[in-house]
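Reader: I would like to learn how to read this model feature by feature. Where do we start?

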Amino acid sequence: MFYILRKYRRIILTSSLVLCAAFIISSNAKENNNLFLFEEVIYAISSPLQKTISFTTTNIDTVLSYYIFLINLKKENTALKKKNNLLKEKIFQLREMAIANTRLRTLLRFREEVKLPMIPAEVVAYDPSSWFKTILINKGSNNNIAKNMPIVTSDGILGRVMEVSKSTARLLLITDHRSAVDAIVQRTRAKGILVGNVDKTCNLKYVFRSDDVNLGDYIISSGLGGIFPKGLPLGKVSRIKKDNYGMFQEVKVTPMVSFNKLEELFIVVCSN
Amino acid sequence: MRFFFSLLLLAFILLSLQTTIFSHIPLLPVKPDLTLIMVVYIAIFHDDTAGIFLAFFLGCLMDTFSGSITGMYALLRIGTFFLTKLAQQKLYLKSTLFYICLTTVLSFIDGLLVLFTVFVFSSVDTLWPFIFKFLFIQSILTGIVTPLIFFICNQTRLLVENH
């Protein structure tokens with residue numbers, strides 16, 4: 001018996017396996033949803049390993065995808081940042097143009113209102129000393145500028161021409177201590193002389209103690225002296241000191257013109 | 001001679017900067033006096049004859065750029081030159097700290113003299129607020145900027161000497 005089994009072991013083995021397979025096929029052909037024990041064991045052993053491998057593969061795939069995605073994202077980000085910077089620059093330029101437009105419209109309206117012949121000019125340089133308040137402009141005697149011509153902006157009186165060369169002129173600002181402008185209080189017509197201080201303010205001097213001056217009153221040019229036209233704004237009263245004695249009261253005036261933001265100004269052409 | 005003109009040119013450039021860029025710094029109520037620092041440098045490191053001419057011309061430059069009384073800064077710079085020479089004889093003037101202190105004091109004296117002129121010739125009532133509010137700040141600012149201007153002048157001198 002054993003001799004026969006040994007002799008024909010290959011045929012027997014092959015036949016057994018074929019029969020087994022046929023049995024399995026026939027069992028599955030019946031649409032049996034139950035797993036065989038063998039299958040269950042194999043599943044039980046292989047599924048954790050499969051899950052681990054699958055999890056690892058998925059993560060590697062995800063990381064690779066992210067990496068590639070990030071590279072593209074980085075490129076896209078750089079391009080967008082560049083575009084953003086260009087747009088920001090453009091916005092800034094447009095804003096500057098809008099501001100210049102508004103400023104020039106105000107100047108034009110002022111020029112039409114004042115109805116005096118005027119020459120526009122730009123500030124070239126400021127005084128290097130801390131104690132004198134003068135500025136240099138880009139117009140001179142070649143542009144019919146002469147000494148003592150008044151300088152105005154849309155905000156009010158700036159000063160007068162102090163020195164003239166062929167292509168430039170030096171202006172004495174109203175905040176300089178050497179400047180003295182005949183002025184009146186717009187509301188009450190009280191008279192005084194507006195003189196500059198070493199800081200960027202002015203004093204309205206020789207205002208009688210009995211004169212009515214309040215905080216916030218506007219100070220305008222009186223037209224006396226023949227240099228400054230009448231009625232142009234000079235400043236606003238910022239402080240009043242009235243003692244119980246003396247003839248005059250001390251009135252401090254803040255100029256209407258902002259001297260830190262001077263760009264365009266006008267020289268009033270008048271025959272001296 | 002070359003150094004004389006190169007320092008004049010340097011003063012011209014520094015004053016141009018002082019009249020433009022320094023005027024637009026909003027936090028600074030006053031500006032440092034750069035020509036004064038240059039005069040102190042010339043008085044410490046150069047001989048008397050050329051130095052005094054240079055101080056005079058630097059003062060004239062300052063008068064031209066500024067709207068001050070013409071000749072005032074020329075006189076003040078000559079005075080600064082001699083005061084520096086006097087300090088050089090009496091004091092130890094070899095370290096940067098001493099240069100800063102000297103320039104601060106000279107700037108204060110210079111400012112006092114200018115304000116005194118302002119007080120005499122104009123209608124300013126009192127100077128005390130300006131001395132305490134502005135003059136101290138200006139003097140300290142001038143002192144702080146001294147090492148930089150000294151360095152620039154030194155480099156200019158080396159540049160001229162090497163050529």
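Author: With contacts in chain B. This is a predicted model. Take the contacts in chain B with a separation of 6 or more: residues 24 or more positions apart account for 68% of them.

Reader: What is the secondary structure of chain B?

Author: Chain B has 6 helices and 0 strands. From the N terminus on, the order is α-α-α-α-α-α. Of its 163 residues, 36% are buried.

Reader: How do I check the length of a helix, say H2(B)?

Author: Compare the expected span with the distance between the end C-alpha atoms. H2 of chain B covers residues 34-45, which is 12 residues. At 1.5 Å a residue they should span 16 Å, and the end C-alpha atoms are 17 Å apart, so the two agree.

Reader: How many residues of H2(B) are buried?

Author: Count neighbours first. A residue is buried if 20 or more other C-beta atoms lie within 10 Å of its own. In H2(B), 10 of the 12 residues pass, so the helix is largely enclosed by the rest of the structure. The buried stretch includes B:Leu34, B:Thr35, B:Leu36 and B:Ile37. B:Met38, B:Val39, B:Val40, B:Tyr41, B:Ile42 and B:Ala43 are buried too.

Reader: What covers the buried residues of H2(B)?

Author: Look for the elements in contact with them. The cover includes H1 (2-20), H3 (48-65), H4 (72-90), H5 (96-121) and H6 (128-162) of chain B.

Reader: Which residues of H1(B) are buried?

Author: List them, then ask where they point. The buried residues of H1(B) are B:Leu7, B:Ala11, B:Leu14, B:Leu15, B:Gln18 and B:Thr19. They cover an arc of only 135° around the axis, so they sit on the same side of H1(B). The face turned away from that buried side carries the exposed residues B:Arg2, B:Phe5, B:Leu9 and B:Ile13.

Reader: What covers the buried residues of H1(B)?

Author: Check both chains. The cover includes strand E1 (118-126) of chain A, together with H2, H3 and H6 of chain B. As for length, H1(B) has 19 residues and reaches 27 Å from its first C-alpha to its last, close to the 27 Å expected.

Reader: Now chain A. How many helices and strands does it have?

Author: Chain A comes to 3 helices and 12 strands. Buried residues make up 27% of its 272 residues. Among its contacts between residues at least 6 apart in sequence, 53% join residues at least 24 apart.

Reader: How do strands E7(A) and E8(A) run, parallel or antiparallel?

Author: Follow the bridges. E7(A) (residues 191-196) and E8(A) (residues 202-208) run antiparallel, joined by 4 bridges. One pair is A:Gly196 with A:Cys202 in E8(A). The two strands form a hairpin with 5 residues between them.

Reader: Over how many bridges does E8(A) pair with E11(A)?

Author: Over 5 bridges, in the antiparallel sense, with E11(A) spanning residues 248-255. Here A:Asn203 has A:Lys252 in E11(A) as its bridge partner. For side chains, keep one general idea in mind: in a regular strand they alternate between the two faces of the sheet.

Reader: Last, a loop. Where is A:Leu224 found?

Author: A:Leu224 is in the loop between E9 (218-221) and E10 (233-241) of chain A. It has 14 other C-beta atoms within 10 Å, so A:Leu224 is partly exposed. Its C-alpha atom and that of A:Asp182 are separated by 6.2 Å, though these residues are 42 residues apart along the chain.

Methods. Residues are numbered from 1 along each chain as its sequence is written. Chains are lettered from A and ligands numbered from 1 in the order in which they are written. This is a predicted model: local features need pLDDT of at least 70, side-chain atom pairs count only at pLDDT 80 or more; totals for chains, interfaces and linings use all residues. Two residues are in contact if their C-beta atoms, placed from the backbone, lie within 7 Å. Two strands pair if DSSP finds at least two bridges between them. The expected span of a helix is 1.5 Å times one less than its number of residues. The arc is that of the directions from the helix axis to the C-beta atoms.
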